[in-house]
Amino acid sequence: MSRKWVAGKQIYSSAQYFAIQSVMSQYPVPISDIITSAANDEVKRLRALHERKFRRQTGWFLAEGARICHEAVALGWAMHRLAFVAGREDDRQVRILLSGLVESRGRALPMTESLLQRISRKDNPQMVLGAFVFDVTFLAIVVAFVYYYYLPFQTKKITKQKICK
C-alpha cells in the first residue's frame with residue numbers, strides 16, 4: 001500500500017479511509033449516557049456560558065445551531081462540548097461535529113430536547129449546541145484588521161447639510 005503525505009499528515013484513499021473507520025469504534029468520540037437532569041454539572045456549565053463573567057473565567061463561548069457549529073469548526077475553533085438531542089448520533093450533521101471533537105478531545109453530551117431548550121436562549125431552540133474556546137490571537141488579528149483597514153474608510157464627516165437632506 002502506497003502512502004501519501006501532505007503537510008506531515010498521511011492521506012488515505014476513500015477505500016482505505018472507510019476500512020479504517022469500520023475497524024474503529026462506531027463513533028469518533030465516546031458518547032456518554034443520556035443527560036436528563038437539569039442539575040447535571042455539564043448542563044449548568046453550558047447554561048452559565050450566557051453570562052459574560054463565566055465566559056471570561058472559562059474562555060469558552062456557546063454556539064447554537066448546526067450551521068454555526070460547522071462554521072466554527074471549519075474556521076479552526078476548538079470545540080470542547082457538543083450537546084445534541086439523544087438519538088441523533090447517526091445524523092450526518094452531528095457525525096461531522098462529533099469528528100470535530102476528536103482533535104480538541106472534547107465531550108459529546110446527548111440530552112433530552114427539553115434540556116436543550118433550557119440551555120438555549122433562542123425562540124426556536126436548536127438541536128445542536130457547541131461550546132468553543134476563544135482563540136485570543138485570532139480575535140486580536142480580527143480587531144487589528146478592523147481597526148487599521150476597515151474603520152478609516154468608514155469615518156466620514158457628516159455635516160448638517162447632509163443630515164437635513
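Two strands count as paired if DSSP finds at least two bridges between them. By that rule, this predicted model holds an open sheet of 4 strands with mixed pairing. Helix α5 packs on the sheet, and helix α4 packs with α5 at an angle of about 35 degrees.

**The sheet**
- The strands of the open sheet follow the order β3-β6-β4-β5.
- Strands β3 (60–64) and β5 (107–111) form the edges, each pairing on one side only.
- From one strand to the next, the twist averages 15 degrees.
- Strands of a sheet pair through backbone hydrogen bonds, in either a parallel or an antiparallel manner.
- Strand β4 (residues 79–85) and strand β6 (residues 128–133) run antiparallel and are joined by 5 bridges.
- Leucine 82 stands opposite glycine 130, which lies in β6.

**Helix α5 on the sheet**
- Helix α5 touches β4, β5 and β6.
- The direction of α5 makes about 155 degrees with that of β4.

**Helix α4 against helix α5**
- Two packed helices are described by the angle between their axes and by the distance between the axes.
- For α4 (residues 66–74) and α5 (residues 92–104), the angle is about 35 degrees and the axes are 10 Å apart.
- Helix α4 passes α5 in a left-handed crossing.
- On the α4 side, Cys69, His70 and Val73 make the contact; on the α5 side, they meet Gln93, Ile96, Leu97 and Gly100.
- By class, the contact of α4 with α5 has 4 nonpolar residues, 3 polar residues and no charged residues.

Conventions:
Residues numbered from 1 in each chain as written. Predicted model: local features only at pLDDT ≥ 70, side-chain atom pairs only at ≥ 80, totals over all residues. Heavy atoms only, no water. Axes fitted to C-alpha atoms, helices over the stretch in contact; angles between N-to-C directions. Helix = DSSP H or I, 4+ residues; strand = E, 2+ residues; numbered from the N terminus. Left-handed = near helix turned anticlockwise from the far one by under 90°. Contact = heavy atoms within 4.5 Å. Nonpolar A, V, L, I, M, F, W, Y, C, P; charged D, E, K, R; others polar.
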